[in-house]
Amino acid sequence: MTTIRQRRVGKGTEAAEDQPSEETNVKPDGKIPSAPTGGKLWNILSIIVGGIVAISLGLLTSVYVATLHENDLWFSNIKEVEREISFRTECGLYYSYYKQMIQAASIQQGLHGLVYDNKTESVRTINILERMNVYQEVFLSILYRILPIQQYLEPVYFYIYTLFGLQAVYVIALYVTSWLLSGTWLSGLLAACWYITNRVDTTRVEFTIPLRENWALPFFAVQIAAITYLLRTHLQPVQERLTLMAVFIATFLFSLTWQFNQFMMLIQALALFILDCLDMLPTAKVTWLYIIQISGLLLVCVLQFFNSMILGSLLISFNVSVLIARTIQKNLKKGGLLTRLGKLILHILLVLCLTLLINKFIKKILNLESDEHIFKFLKAKFGFGATRDFDANLYLCEEAFGLLPLNTFSRLSSTLLFYIYGFVLFLLTVAAVIVAFRNLSGSNQVQLKKKTEEYTVTLKPDAAYSLVHTVLFGCLALSTMRMKYLWTSHMCVFASFGLCSTEVWKLILKCLHLYTSQRTQMIKYSVAIVTLLYISFKFWPGIMDELSELREFYDPDTVELMNWIKSNTPNTAVFAGSMQLLAGVKLCTGRTLTNHPHYEDKNLRERTKQIYQIYAKRSPGDVHGILRSFGTDYVILEDSICYERRHSRGCRLRDLLDVANGHIMDGLGENEPDLKPSSYPRFCEEIKKNLPSYTMHFTRVFQNKTFHVYKLAKHK
């Protein structure tokens, strides 16, 4: 069990640059009049200062999380095996491929080893580049080999510093998005400060470094910043083309680095679809974004050797369906309110039906079942019937896939973030409803607009996209805690934009009959500066205390296990055990595994369920037969799983196995009526008694307080 213990001492003023909310500054020929020379110089100076602040905050964030990582683990002082063990669960699996590429005799041999891998899953040869998103490890390992830095920087530091460096990109992208939305870099400064002070809820990079989301989310933030700029009005053709290219590159990199990319972009596509239906975004730009999503994902599909899970994604089916439906319904945005609503309902139904039909057709052709566990999980999670499916229950019982805890909101409120976010969300939602109703009813004629110009509620396309984006990803975060990092980072952007937005304060002051241009500017900057001062004075001492707290990595049992495996087992030995532990076994020892934590494959899920019978109520002969069918030489049993107390009854791994096998669960409590007692005791408990029926199949060769390793007899 990995723990962190206390370290032992003695071991060696800017100008308002708001973009105009009204379009009265546009000449009849469509050109924006040039600003006076003094105004141009002031804007250039402001952009330079804002850019310097953005880069500085990004770099400071990178140094901050790197320092926290060092202080938590004393990473620079611990042994290599301890460093590798600190990459927990699937993080260790991903890092192992970087290590494998570094240690290969040549780049070509390293790539060949990944394409024809027979050590990740025993008795099978799989293509790692097809199955997993590890191109970032490949690229980084090649870069490390060709750069003249081997004498100055260890491979592990090159890896982790790259991830910490991406945090700078992440913060800069959030900063720029807020700046673009509000028109002032003060908003970006506030967004970055909120991201840092709410670090517990905005990132987990310092303790899960190789996790796929830590690679992907910075590119997702860059993509959102580019989309925000794209949705601005009066862009020149060259600007628009360059922005579309930036969106494509960011979308491609995001898709390449995370296996869950298709689900995140599906939510993004839904946001675009909603806004397009309500006539709040330019249709041409939305079409380009649909095409970019499809092309980016297809390019990743090619690089991943035509991964069938990508081809069968709902995102591709949905985007194609929208484009087809729009071609069929050409007059979707014409007519009165009732006519528009009727057309809209038909359009939504058509898109939904086409999406399901296309997706079903693709999966039927490809015989695709890799993502069925996700839909089983979603079905059970949202109450569409209980399930005994082992894979679905494995997700349901994990805290990370549960509802967002309520204490998250108290932490976010302590920095004022959640209060301001809620206030801005309410105002812009009301504005969006008014604008949507006006668009659908066709009541935005020129005469009416001129007559009620002073009171007309407007919502810029970029602000409308940001609103729907935060609402949809907020729903995702509320339902699944692991996805909160997609929401909380954008929450910082959205709240800071609202606090520094001329349009928001203009709307508030007009409602209170207090509006003047000077008063709006004064309140906008004053409130933002006061908020920044509050955050600084309240949280700066805590950040300093956090940076001064020194701890040390401490997991002697796992270190002892890994050292024993390296010293006492052949390089070709095959190990069975829990997914999480085996990822560390592969990284630290290079031994062959029976299963691993990358769960997006049906055969692997079935294999894992079979391997986990070591924690079920099965006979020693059955367990031995199952393990030997996967070529197992050694099996590792963990007391923390066999006698698990972390989960409540019904969610312990042994309970999930009992229910899946049709056996009643251990302990006091109810059981479903059709469950029956098992004919055998629990294998992981009974094997420790060294009974003849067990010793004829298994011989204990290692044990400590946490782990028990048994060697399997090779019966003919």
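In this report, two residues are in contact when they have heavy atoms within 4.5 Å of each other. The structure above is a predicted model, in which local features need pLDDT of at least 70 and side-chain atom pairs count only at pLDDT 80 or more, while totals for chains, interfaces and linings use all residues. Residues are numbered from 1 along each chain as its sequence is written, and side-chain values use heavy atoms, with hydrogens and water left out.

## The protein as a whole

Let us start with the overall picture. The protein has 33 helices and seven strands; these are DSSP runs numbered from the N terminus, with helices being H or I of at least four residues and strands E of at least two. Along the principal axes, the C-alpha atoms fill a box of roughly 95 × 65 × 55 Å. The radius of gyration is 28 Å, which agrees with the value near 27 Å that a compact globule of 716 residues would have. That radius is taken over C-alpha atoms, and the globule rule is 2.2 Å times the number of residues to the power 0.38.

Of the 716 residues, 55% count as buried. Buried means under 20% relative accessible area, exposed means over 50%, and partly exposed lies in between (1.4 Å probe, protein chains only). The protein exposes about 32100 Å², and carbon and sulfur atoms supply 64% of that area. Such areas come from the Shrake-Rupley method with a 1.4 Å probe, and for residues only the protein chains shown count as cover.

As for charge, there are 72 positive and 57 negative side chains, and the centres of the two sets lie 3 Å apart. Lys and Arg count as positive and Asp and Glu as negative, while His and the chain ends are not counted. Each charge is placed at NZ of Lys, CZ of Arg, CG of Asp or CD of Glu.

| Disulfide | S to S distance | Angle about the S-S bond | Handedness |
|---|---|---|---|
| C397 and C651 | 2.1 Å | -75° | left-handed |
| C642 and C684 | 2.0 Å | 80° | right-handed |

C397 is buried at 13% relative accessible area, whereas C651, at 22%, counts as partly exposed.

The other link, between C642 and C684, joins two helices: C642 lies in α30 and C684 in α32 (residues 683–686), so the parts tied together are 42 residues apart in sequence. C642 is buried with a relative accessible area of 1%, and C684 is buried as well, at 0%.

Counting bonded cysteines along the chain, the disulfides follow the pattern 1-3, 2-4. C91 is in no disulfide, and the nearest cysteine sulfur, that of C588, is 13 Å away. C91 is buried, at 2% relative accessible area. C277 is in no disulfide either; its nearest cysteine sulfur belongs to C353 and is 15 Å away. C277 is also buried, at 7%.

## Two buried residues

N595 belongs to the loop between β4 (592–593) and α28 (602–611). Is N595 buried or exposed? N595 is buried, with a relative accessible area of 0%. Setting aside neighbours within four places in sequence, N595 is in contact with G577, S578, M579, L582, L604, T608, I611 and Y612. L582 is 13 residues away along the chain, and the C-alpha atoms of N595 and L582 are separated by 7.3 Å.

T470 has its place in helix α22 (residues 461–479). T470 is buried too, at 1% relative accessible area. Not counting residues up to four places away in sequence, T470 touches Y421, L425, W487, H490 and F494.

## A mostly covered helix

Our last stop is helix α24 (residues 502–511), where seven of the ten residues are buried. The buried ones are T502, E503, V504, W505, K506, I508 and L509. Their cover includes α20 (417–441), α23 (484–499) and α25 (517–548). Just after α24, H513 takes a positive phi of about 55°.

Terms used: A disulfide is a pair of cysteine sulfur atoms within 2.5 Å.
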